[in-house]
Amino acid sequence: AAQAAVAMDNARLYEAAKRARAEAEAAAQENERLYRDAQEANRLKDEFLATVSHELRTPLTAIVGWSNMLRANVLDEGSKARAVEIIERNAKAQTQIVEDLLDVSRIITGKLALDTRAAELAAVVEAALESVRPAAAKKGLVVKSEVEPGVGAVWGDPARLEQVMWNLLTNAVKFTPAGGEVCVRLARGTDARVRVAVADT
């Protein structure tokens with residue numbers, strides 16, 4: 001009986017040790033996973049900050065450069081008008097970047113509010129096109145729009161829809177080689193949905 005009791009105790013101790021070892025291994029694997037996740041989060045954060053810094057610095061460099069030339073009074077009248085146009089365009093681009101960053105914060109905190117109403121997509125597309133035309137012209141890109149007549153309105157937030165269009169078009173202009181083409185097509189399908197397509201070379 002004593003030997004049986006010892007054997008049972010040993011078996012219990014063995015099982016407890018086995019469980020403890022399994023739990024320790026699971027905890028170690030979880031810690032390793034958390035460490036890898038933290039490393040990946042840090043890498044993504046650094047990548048995000050580098051991208052944001054670059055995106056903010058690009059328009060800022062143009063604004064500062066042309067402002068300095070205006071202050072130094074080294075430009076003729078035609079160049080002065082062009083300088084003001086470039087400064088304004090880059091200031092708007094920077095404002096858009098800041099708005100995008102604030103939107104990310106609002107989305108994360110659940111505070112992003114949509115102002116949904118009937119929105120004319122043709123007007124949204126045209127407004128987005130107007131904002132990217134100067135950058136496209138600088139690269140010698142052809143920007144075309146093919147808007148089907150009578151597309152009508154959709155239910156949505158016009159400002160957010162324009163933001164989406166602006167992002168698509170900005171990327172198209174940014175990554176299309178000089179002399180290429182960017183085309184926006186807007187049409188209503190047979191299922192009453194409206195389709196917007198951005199195509200570039």
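User: In this predicted model, which residues is Gln94 in contact with, leaving aside its neighbours within four places in sequence?

Analyst: Gln94 is found in helix H2. Once its neighbours within four places in sequence are set aside, the contacts of Gln94 are Leu56, Pro59, Leu60 and Ile63.

User: Is Gln94 buried or exposed?

Analyst: The relative accessible area of Gln94 is 18%. Buried means under 20%, so Gln94 with its 18% counts as buried.

User: Which element gives the most residues to the largest nonpolar core?

Analyst: The largest nonpolar core has 18 residues, and Val125, Leu129 and Met165 are among those with the most contacts inside it. Helix H3 (121–138), helix H4 (158–175) and strand S4 (181–188) each supply at least two residues of this core. With 7 residues, the element that gives the most is H3.

User: Which residues does Leu169 contact, apart from its neighbours within four places in sequence?

Analyst: Leu169 is one of the residues with the most contacts inside the largest nonpolar core. Apart from neighbours within four places in sequence, its partners are Ala128, Leu129, Val132, Val182, Val184 and Val198.

User: How much accessible area do Ile107, Leu112 and Leu114 have together?

Analyst: Leu112 is placed in the loop between helix H2 (77–109) and strand S1 (117–120). At 30% relative accessibility, Leu112 counts as partly exposed. Ile107, Leu112 and Leu114 form a nonpolar patch on the surface, and their accessible area together is about 270 Å².

Technical notes:
Residues are numbered from 1 along each chain as its sequence is written. This is a predicted model: local features need pLDDT of at least 70, side-chain atom pairs count only at pLDDT 80 or more; totals for chains, interfaces and linings use all residues. Side-chain values use heavy atoms; hydrogens and water are left out. A nonpolar core is a set of buried Ala, Val, Leu, Ile, Met, Phe, Trp, Tyr and Cys residues joined through side-chain atoms within 4.5 Å. Buried means under 20% relative accessible area, exposed over 50%, partly exposed in between (1.4 Å probe, protein chains only). Helices (H or I, at least four residues) and strands (E, at least two) are DSSP runs, numbered from the N terminus. Contact means heavy atoms within 4.5 Å. Patches are made of residues with over 30% relative accessible area and no salt bridge: like charges are joined within 9 Å, nonpolar side chains (Val, Leu, Ile, Met, Phe, Trp, Tyr) within 5 Å. Accessible areas come from the Shrake-Rupley method with a 1.4 Å probe; for residues, only the protein chains shown count as cover. A salt bridge is a side-chain nitrogen of Lys or Arg within 4 Å of a carboxyl oxygen of Asp or Glu.
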